[in-house]
Amino acid sequence: MRLAELQRQFALSLLGKSHSLIEHIESSIFSGDERLQIYRNNFNSSLIDVLAMTYPMILALIGEHCFHHLARVHIQRNPPTQGSVDCYGEHFDVTLTSFPELTKAVPYAPDVARFEWQIDKARQAHDYTQPSSSWRPLAQLSSVPVSDHDKVCFQLPLGAQFWVSEYAVATLREGILSGRVDNIDFNQAESGIAFVDTDPIAQKHVLVATALSSIEYQLADSLHQGLSIGAIAEPLLTSLESLIQQRIVLGFRLNSHSLSNKE
């Protein structure tokens, strides 16, 4: 058996989808299948841990036993496609949706999973995106001539991701983190932004998922698209100070090709 085929068969064996390797494994105290089972157990255990770190809210909502069962199903349906599992876990919401008993008991579970994946995407984007050196600190904004105000583009956190949900997913996340989930109106729709921030006290990165008002969301989305002040409707700009206070706007630069027409 050639190396490439051996590797493919080993990968299939980890998922329990092939037994052709057994005859090539030398048996002693343990059979070939028992030896492979050690690798299968380690493989599944590692990926379950990755999913648990990516979807802590789902784990808290449905419990460890149920989560591990769903995680194993997800691994079977969506095995890793690359060596690193740092970005593994997409489409867990689809796996949850395939269990009607679960979605009947916890109808907001798929939305929570989609929300948590956006948070993890923000982590991934932050970790694997090279920051630009063209942004200037907000403290220098006062030095921009009035004639150039329409050319100002504002910087959002590196790798920021937007999310929209029919449920109060950000409020639920805060409740789970604080241990207070009573009196949460889960049926309240929320939308917002997820990003990596720096805790000024602990001096470490923290994942932030903030629910925004409709105007705040529209403004943040416009800024994320790279629109300058001159291209954004004035009513949206009333929320600029709020985004700055929430550390969603971090810096600025001048866009020499900015648009000046406002809707």
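Predicted model: local features only at pLDDT ≥ 70, side-chain atom pairs only at ≥ 80, totals over all residues.
Trainee: Which residue does Val152 stand opposite in E6?
Mentor: Val152 faces Leu254 there. E6 covers residues 251-254 and is joined to E2 by four bridges, with the two running antiparallel. Strands here are DSSP runs of E with at least two residues, helices are runs of H or I with at least four, and both are numbered from the N terminus. Two strands pair if DSSP finds at least two bridges between them.

Trainee: What actually holds strands of a sheet together?
Mentor: They pair through backbone hydrogen bonds, and the pairing can be parallel or antiparallel.

Trainee: What's the order in the sheet with E4?
Mentor: That open sheet has three strands too, ordered E3-E4-E5 and paired antiparallel. Its edges are E3 (161-165) and E5 (204-211), each with pairing on one side only. On average, neighbouring strands of this sheet are turned by 25° against each other, ignoring direction. The axes behind such angles are lines fitted to C-alpha atoms, for helices over the stretch in contact, and angles run from 0 to 180 degrees between N-to-C directions.

Trainee: How many bridges does E4 make with E5?
Mentor: Eight, in the antiparallel sense. One place to look is Ile193, which stands opposite Thr210 in E5. On the other pairing, five bridges join E3 to E4 (residues 190-199). There, Gln161 has Ala194 as its bridge partner, and Val164 has Ser191.

Trainee: Is E4 mostly covered or open?
Mentor: Mostly covered, with eight of its 10 residues buried. Buried means under 20% relative accessible area, exposed means over 50%, and partly exposed is in between, using a 1.4 Å probe and protein chains only. Over the chain, buried residues make up 41% of the 263 residues.

Trainee: Which strands does helix H7 lie across?
Mentor: H7 (residues 109-128) lies across E3, E4 and E5, running at about 175° to E3. H8 (residues 169-178) packs on the sheet as well, touching E3, E4 and E5, and its direction makes about 135° with that of E5. Contact means heavy atoms within 4.5 Å.

Trainee: Which residues of H8 are buried?
Mentor: Val169, Ala170, Leu172, Arg173 and Gly175. Their cover includes H3 (56-62), H7, E3, E4 and E5. Just after H8, Gly179 takes a positive phi of about 80°.

Trainee: Changing topic: what volume does the largest pocket have?
Mentor: About 510 Å³. A pocket is an open set of points on a 1 Å grid over the protein atoms alone, where a 1.4 Å probe fits and protein lies on both sides within 12 Å along at least five of seven lines; lining residues have an atom within 4 Å of a point. Grid points are joined across faces, edges and corners, and the volume is the space filled by probe spheres set on the points.

Trainee: Which residues are closest to its centre?
Mentor: Of the 26 lining residues, Trp135, Gln155, Leu156, Pro157 and Leu158 are closest to the centre. E4 gives the most to the lining, with four residues. E2 (152-155), E4 and H9 (214-224) each supply at least two.

Trainee: And what do the buried residues of H9 pack against?
Mentor: They pack against E2, E3, E4, H10 (234-237) and H11 (240-245). The buried set is Glu216, Tyr217, Leu219, Ala220, Ser222 and Leu223.

Key. Residues numbered from 1 in each chain as written. Heavy atoms only, no water.
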